[in-house]
Amino acid sequence: MELAANIAAHGSLTVVFTIGQKGEVETVFVEEYTIAEIPVRNQLKDYLKSMRFAFKLPKGKHFTFTEIITFN
């Protein structure tokens, strides 16, 4: 999934990711946001959920981290 270049997002998202086996994003929880447009927030969240990280975890293990993503 590619993020559309025409998204005019201005603001930030504080996102909690949970990564599972095979580097797949299992959950994306938006803790805080300053982006006002709901459709834009939803599209960004869907894009983040489709990401895959280049590391693998042992079976049954999960990795959770928080990231602040800023758009200018």
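The model is predicted, so local features need pLDDT of at least 70 and side-chain atom pairs count only at pLDDT 80 or more, while totals for chains, interfaces and linings use all residues. Residues are numbered from 1 along each chain as its sequence is written, and side-chain values use heavy atoms, with hydrogens and water left out.

Begin by selecting residues 11–19, strand β1. Strands (E, at least two residues) and helices (H or I, at least four) are DSSP runs, numbered from the N terminus. Nine of the nine residues of β1 are buried, so the strand is largely enclosed by the rest of the structure. Buried means under 20% relative accessible area, exposed over 50%, and partly exposed in between (1.4 Å probe, protein chains only). One side of β1 carries Gly 11, Leu 13, Val 15, Phe 17 and Ile 19, and the other Ser 12, Thr 14, Val 16 and Thr 18.

Two strands pair if DSSP finds at least two bridges between them. Centre on Thr 18: its bridge partner in β3 is Thr 64, and in β2 Thr 27 stands opposite. Strand β2 (residues 25–33) is also antiparallel to β1, over seven bridges. Five residues separate β1 and β2 in a hairpin, where Lys 22 in the turn has a positive phi of about 65°.

Finally, select Glu 24 and Arg 52, whose side chains meet in a salt bridge (3.2 Å, N to O). The term requires a side-chain nitrogen of Lys or Arg within 4 Å of a carboxyl oxygen of Asp or Glu. Glu 24 lies in the loop between β1 and β2 and Arg 52 in the loop between α1 and β3, so the pair ties together parts 28 residues apart in sequence.
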